[in-house]
Amino acid sequence: MQRVQPQDFERVLSSMCTKPHPAARDAAERFLATNPGDPGTYETIAELERKAVEMLGTITGLPSAEGYVTSGGTEANIQAVRIARNRAATDQPNVVAPESAHFSFNKAADLLNVELRTAPTDADHRADMAAVKELVDDDTVAVVGVAGSTEYGRVDPIPAMADLAADHDAICHVDAAWGGFVLPFTDHRWHFGHADVDTLTIDPHKMGQAAVPAGGLVTHSTELLDELAVDTPYLESKSQATLTGTRSGAGVASAVAAMEELWPVGYREQYHESMENAEWLAEELAARGHDVVAPDLPIVAADMTSPVTEDLRQRGWRISKTGAGEMRIVCMPHVTKSMLRSFVADLDWY
Ligand SMILES: *Cc1c(COP(=O)(O)O)cnc(C)c1O
């Protein structure tokens, strides 16, 4: 085969993934051929996975964390809904989430035969608690809060959602797939240490700067994780809680390498840099008369006419839109100030 090179990140403003940290890339290459799905056989990577979960617990306020490294936020969210459904007694389960919840919850609902009820968000794009309360009933198995929403980077009122879930004997699941590695440096209340959270999604392959595939599902109890376990008669280990069977050791090893390298100092620096870039861009866009959704975490959304967005795409910029049609820019670690300067310069050309 011709030696095809992947595209670079030079003009990518739409992705929630980024260039892996060099240590993460190196670890991923070393562990390419390992399969943590068979921990009895691949003991070294199984040990690294325990380490990864422990570190994810540290980041999310959980001293003795249970969980595993998933293929991404989608799998973690599906598995959280599966835990909620399996532990509940009802045969008409529903999950209540804000309309800002990631589309992986639609997949989960479809796969698991669970009704997904979505509540409107408030003027600042966060779950409207009155609306959430309205939707919760005796058949609710999980209340989902988003900590760092995909479109606007908003954080739902997690403590109130956790209380509501507990009142109905439902689990509280937090989706911090993207936000998990920036939220520790903010005042938000979003994790196990702040509220009665039961399960949480946090992806090393997004802001965590690990190689794809590295997502994370974290929970406080083996009992919850055991809701997922199936017997595995012909493996060296006896049961498996993951959704996929054979999995990539590369993701696991690179997640550990990235976290060892960057937690907490490197991630903190990255957060401040990304946030400063997001604020700078928001100001530049506002100064040009665009309606900007002020960034809370490093995502900027702004009302731009579609032709401009299309023209920019023609010039090689990878930008995406929110459901409401705003231009959306994710200030990931590879997005530098100079990149944003040349983006704004291109914008001025129109
Ligand atoms: C990216 C994202 C997901 C999905 O994660 P994948 O790794 O793409 O499967 C879920 N929830 C949120 C909030 C996300 O940003």
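How do the residues of the lining of the largest cavity divide into nonpolar, polar and charged? In this predicted model, local features need pLDDT of at least 70 and side-chain atom pairs count only at pLDDT 80 or more, while totals for chains, interfaces and linings use all residues. Residues are numbered from 1 along each chain as its sequence is written, and side-chain values use heavy atoms, without hydrogens and water.

The lining of the largest cavity divides into five nonpolar, two polar and no charged residues. Here Ala, Val, Leu, Ile, Met, Phe, Trp, Tyr, Cys and Pro count as nonpolar, Asp, Glu, Lys and Arg as charged, and the others, Gly among them, as polar. Phe181, Val182, Met207, Gln209, Tyr267, Gln270 and Tyr271 form this lining. On a 1 Å grid over the protein atoms alone, a cavity is a set of points where a 1.4 Å probe fits but cannot get out; a pocket is an open set with protein on both sides within 12 Å along at least five of seven lines; lining residues have an atom within 4 Å of a point.

The largest pocket holds about 550 Å³ of space, a volume being the space filled by probe spheres set on grid points joined across faces, edges and corners. Of its 24 lining residues, Glu49, Gly67, Tyr68, Leu225 and Ala241 are the closest to its centre. The lining comprises ten nonpolar, eight polar and six charged residues.

Glu49 also takes part in a contact (heavy atoms within 4.5 Å) between H2 and H8, in which Leu48 and Met55 of H2 and Val252 and Met259 of H8 are among the other residues. Helices are DSSP runs of H or I with at least four residues, numbered from the N terminus. The residues of this contact divide into ten nonpolar, one polar and three charged.

Methods: Helices (H or I, at least four residues) and strands (E, at least two) are DSSP runs, numbered from the N terminus.
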